[in-house]
Amino acid sequence: MKKFYFLSFLFLLFFSLSIFACGDKSCPLIGKEVLKTEEGTVKGKVVCMHCDLHKAEKCEKVLVTADNNIFKFCPDSLKDIKLDDYKGKEVEVKGKISYTKDGVNVIHIEKIN
């Protein structure tokens, strides 16, 4: 019976962690407390966090909305997507959006137009 509880605990622990992290070691959600995750669509402009916004030490493409909310892209969801093709353009991104306690918004891309 102890084995059953232990294995159940491990399963639940693994499942709960996998909901909030995408699996990539460079995911912006690692080590963050996620407040809310939802499916949705975000419209904005793809810009560089370093070159355009001057808020990072190295280049990183992000989505900035009209009300200046910044959404980082989950690296795991960028498999076939080249964000350089969208730099400076208005886009609509559909996917899973995660909001964290420290204000870092992350979007797991399903579709980008």
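Author: Two strands count as paired if DSSP finds at least two bridges between them. The model discussed here is predicted. In it, Cys48 stands opposite Lys61 of strand E2.

Reader: How many bridges join E1 and E2, and in which sense do they pair?

Author: Four bridges join E1 and E2, and the sense is antiparallel. Strand E1 covers 34-48 and strand E2 covers 61-64.

Reader: Which elements does the chain contain, and in what pattern along the sequence?

Author: Start with the inventory, then take the order. The protein chain has one helix and five strands. Read along the sequence, the pattern is α-β-β-β-β-β.

Reader: In what order do the strands of the barrel run?

Author: Order in a sheet is read from strand pairing, while the numbers follow the sequence from the N terminus. Here the five strands form a closed barrel that runs E1-E2-E3-E5-E4, with mixed pairing. On average, neighbouring strands of this sheet are turned by 50° against each other, direction ignored.

Reader: What share of the contacts lies between residues 24 or more positions apart?

Author: Among contacts in the protein chain with a separation of 6 or more, that share is 54%. Buried residues make up 32% of the 113 residues. The chain exposes about 7,800 Å², of which carbon and sulfur atoms supply 57%.

Reader: How many disulfides does a search of the whole structure find?

Author: A disulfide is a covalent bond between the sulfur atoms of two cysteines. The search of the whole structure finds zero. For Cys48, the nearest cysteine sulfur is that of Cys51, 3.7 Å away. Cys48 is in no disulfide because a pair of sulfur atoms must lie within 2.5 Å to count as one.

Reader: Is Cys48 buried or exposed?

Author: The cut-off for buried is under 20% relative accessible area. Cys48 has 0%, so Cys48 is buried. Cys74 also has a relative accessible area of 0% and is buried.

Reader: Where is His50, and which residues are in contact with it beyond its neighbours within four places in sequence?

Author: Locate the residue by its flanking elements, then list its contacts. His50 is in the loop between E1 and E2. Leaving aside neighbours within four places in sequence, His50 is in contact with Ala56, Glu57, Lys58 and Cys59. His50 and Glu60 are ten residues apart along the chain, with their C-alpha atoms separated by 6.6 Å. At a relative accessible area of 31%, His50 is partly exposed.

Reader: Which residue has a positive phi of about 55° although it is not a glycine?

Author: That residue is His54, which is found in the loop between E1 and E2. His54 counts as exposed because its relative accessibility is 64%. Asn68 is not a glycine either, and its phi is positive at about 65°. Asn68 has its place in the loop between E2 and E3. With a relative accessible area of 61%, Asn68 is exposed.

Reader: Does Thr65 count as buried or exposed?

Author: Thr65 lies in the loop between E2 and strand E3 (70-73). Its relative accessibility is 10%, so Thr65 counts as buried. Leaving aside neighbours within four places in sequence, Thr65 is in contact with Val42, Lys43, Gly44 and Phe71.

Terms used: Residues numbered from 1 in each chain as written. Predicted model: local features only at pLDDT ≥ 70, side-chain atom pairs only at ≥ 80, totals over all residues. Heavy atoms only, no water. Buried < 20%, exposed > 50% of the residue type's maximum accessible area, 1.4 Å probe, protein only. Helix = DSSP H or I, 4+ residues; strand = E, 2+ residues; numbered from the N terminus. Contact = heavy atoms within 4.5 Å. Areas by Shrake-Rupley, 256 points an atom, 1.4 Å probe, with all protein chains shown as cover. Axes fitted to C-alpha atoms, helices over the stretch in contact; angles between N-to-C directions.
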